[in-house]
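Biologist: I would like to learn how to read a model like this one. Where do we begin?

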Amino acid sequence: MDFIFIEELRVQAWVGIYSREKAAPQTVELNLTFGVPDSAAQRDDIADTINYADVIERIRAELSARHFNLIETLGEFVVGLLFEEFGAPWVKIRIAKIGVMKGVRRVGVFIQRGREGIPLPDSGLIVGAEGKP
């Protein structure tokens, strides 16, 4: 399986349970890795893969229009979007709220899901924050 990754995607999102979080959107940072068909590189055709520009556009649109109480729910929503709309066989997402607490750079969640019957890849292939496995 080949992978596409998107790092440090910053999006304005409505997420949180506190009144200050419900009053205004906040910046969240997403790091995504998702599987694409191995055949994509063989024909050199965008139609054979997942267009990362379309993924970014859909995530921005959805997160600006919806409110999530929990960052975990936001993450599961994005995973579902990649499975259902884009046909990704496997998704890893790391989402963080930036600067939400004094003295804390980021607070977030990490989710990794494969479609039923799709094994999770070797963790050495998974890019984490700042490009580190």
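Modeller: Begin with the surface. Accessible areas come from the Shrake-Rupley method with a 1.4 Å probe, and for residues only the protein chains shown count as cover. Here the protein chain has an accessible surface of about 7700 Å², and carbon and sulfur atoms hold 52% of that. This is a predicted model: local features need pLDDT of at least 70, side-chain atom pairs count only at pLDDT 80 or more, and totals for chains, interfaces and linings use all residues. Residues are numbered from 1 along each chain as its sequence is written, and side-chain values use heavy atoms, with hydrogens and water left out.

Biologist: In what order do the elements of the protein chain run?

Modeller: Helices (H or I, at least four residues) and strands (E, at least two) are DSSP runs, numbered from the N terminus. The protein chain has 4 helices and 5 strands. From the N terminus on, the order is β-α-β-α-α-β-α-β-β.

Biologist: What percentage of the residues count as buried?

Modeller: Buried means under 20% relative accessible area, exposed over 50%, partly exposed in between (1.4 Å probe, protein chains only). Of the 133 residues in the protein chain, 40% are buried. Take Thr-33, in strand E2 (residues 26-36). Thr-33 counts as buried because its relative accessible area is 5%. Thr-33 and Lys-92 are 59 residues apart in sequence, yet their C-alpha atoms are 5.1 Å apart in space.

Biologist: How is a pair of aromatic rings described?

Modeller: By the distance of the centres and the angle of the planes. Rings of Phe, Tyr and Trp (its six-membered ring) pair if their centres lie within 6.5 Å; planes under 30 degrees apart count as stacked, over 60 as edge-to-face and the rest as tilted. The count here is 2 aromatic pairs.

Biologist: Why is the pair of Phe-3 and Trp-90 edge-to-face?

Modeller: Their ring centres are 5.2 Å apart and the planes stand at 80°, so the pair is edge-to-face. The pair links distant parts of the chain: Phe-3 sits in strand E1 and Trp-90 in strand E4 (residues 90-101), 87 residues apart. Phe-3 is partly exposed at 28% relative accessible area, whereas Trp-90 is buried at 0%.

Biologist: Which kind of aromatic pair do Phe-68 and Phe-77 form?

Modeller: A tilted one, with 5.5 Å centre to centre and 50° between the planes. Phe-68 is buried, at 7% relative accessibility. Phe-77 is partly exposed, with a relative accessible area of 22%.
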